[in-house]
Amino acid sequence: MRLIFLLTVFATSASADGWALRETDKVLDRQAVIALLEGRALTFFDDGQSKFSAGGAYSYTYANGGGTAFGAYEVRVDGTVCIAFRNGFGRCDRYVESGGRVVMLTEKGERFPIR
């Protein structure tokens, strides 16, 4: 009975944090996230592209000429990446390794593999 309780608590806390982690996901720590992002551009399968400058500036260019959103990003101690957009919106993401590829997870539970 105690084992069932512990599994229930673990499942509840894992789903409560909003990251929708899968058993095979390996969460990237802060150093790995910095190495992945800083000064680089990440391209997603829809051809959208996130650019992370070494100074903290961020931009996301939508595929097919859909425009660009600008803001600033911060990598937190736990590896979470939070972006404050110039238009006042913001969001936080996590990066995991899953099945040999890096995947961005949103707080809403969405998964976006990176090419």
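# Notebook: pairs and links in a predicted chain

I began with the secondary structure and counted two helices and nine strands, taking helices (H or I, at least four residues) and strands (E, at least two) as DSSP runs numbered from the N terminus. Read from the N terminus on, the elements run α-β-α-β-β-β-β-β-β-β-β. I note that this is a predicted model, in which local features need pLDDT of at least 70 and side-chain atom pairs count only at pLDDT 80 or more, while totals for chains, interfaces and linings use all residues. Residues are numbered from 1 along each chain as its sequence is written, and side-chain values use heavy atoms, with hydrogens and water left out.

**Confidence.** I looked up pLDDT, the predictor's confidence in each residue from 0 to 100, and found a chain average of 86, with 84% of the residues scoring at least 70. Over residues 1-16 pLDDT stays under 50, and for these residues the model has zero contacts beyond four places in sequence, a contact being heavy atoms within 4.5 Å. I keep in mind that where pLDDT is low, the predicted coordinates should not be read in detail.

**Whole-chain totals.** Of the 115 residues in the chain, 33% are buried, where buried means under 20% relative accessible area, exposed over 50% and partly exposed in between (1.4 Å probe, protein chains only). I noted an accessible surface of about 7,400 Å², of which 56% belongs to carbon and sulfur atoms; the areas come from the Shrake-Rupley method with a 1.4 Å probe, and for residues only the protein chains shown count as cover. Among contacts with a separation of 6 or more, 35% are accounted for by residues 24 or more positions apart.

**Aromatic rings.** I then searched for aromatic pairs and found five in the structure; rings of Phe, Tyr and Trp (its six-membered ring) pair if their centres lie within 6.5 Å, and planes under 30 degrees apart count as stacked, over 60 as edge-to-face and the rest as tilted. Why is the pair of Tyr 58 and Phe 85 edge-to-face? The ring centres of Tyr 58 and Phe 85 are 5.9 Å apart and their planes stand at 75°, so the pair takes that label. This pair links distant parts of the chain, with Tyr 58 in strand β4 (residues 57-61) and Phe 85 in strand β6 (residues 81-85), 27 residues apart. Tyr 58 is buried at a relative accessible area of 2%, and Phe 85 also counts as buried, at 16%. I recorded one aromatic cluster formed by Phe 52, Tyr 58, Tyr 73 and Phe 85.

**Disulfide.** A search of the whole structure gave me one disulfide, defined as a pair of cysteine sulfur atoms within 2.5 Å. The partners are Cys 82 and Cys 92, whose sulfur atoms lie 2.1 Å apart, and the link is right-handed, with 110° about the S-S bond. Cys 82 lies in strand β6 and Cys 92 in strand β7 (residues 90-98), so the pair ties together parts that are 10 residues apart in sequence. Both cysteines, Cys 82 and Cys 92, are buried.

**Salt bridges.** I counted five salt bridges in the structure, each a side-chain nitrogen of Lys or Arg within 4 Å of a carboxyl oxygen of Asp or Glu. One of them joins the side chains of Arg 111 and Asp 25 at 2.9 Å, N to O. Arg 111 lies in strand β9 (residues 111-113) and Asp 25 in the loop between α1 (2-16) and β1 (26-27), so the pair ties together parts that are 86 residues apart in sequence. Asp 25 is buried, with 12% relative accessible area.

Another that I examined joins Arg 115 and Asp 47 at 1.9 Å, N to O. Arg 115 lies in the segment after β9 and Asp 47 in the loop between β2 (40-43) and β3 (49-52), so this pair ties together parts that are 68 residues apart in sequence. Arg 115 counts as exposed at 53% relative accessibility, whereas Asp 47 counts as partly exposed at 46%.

I also looked up Arg 94, which forms a salt bridge with Asp 78, the closest N and O atoms being 4.0 Å apart. Arg 94 sits in strand β7 and Asp 78 in the loop between β5 (68-75) and β6, 16 residues apart. Arg 94 is buried at 12% relative accessible area, while Asp 78 is partly exposed at 44%.
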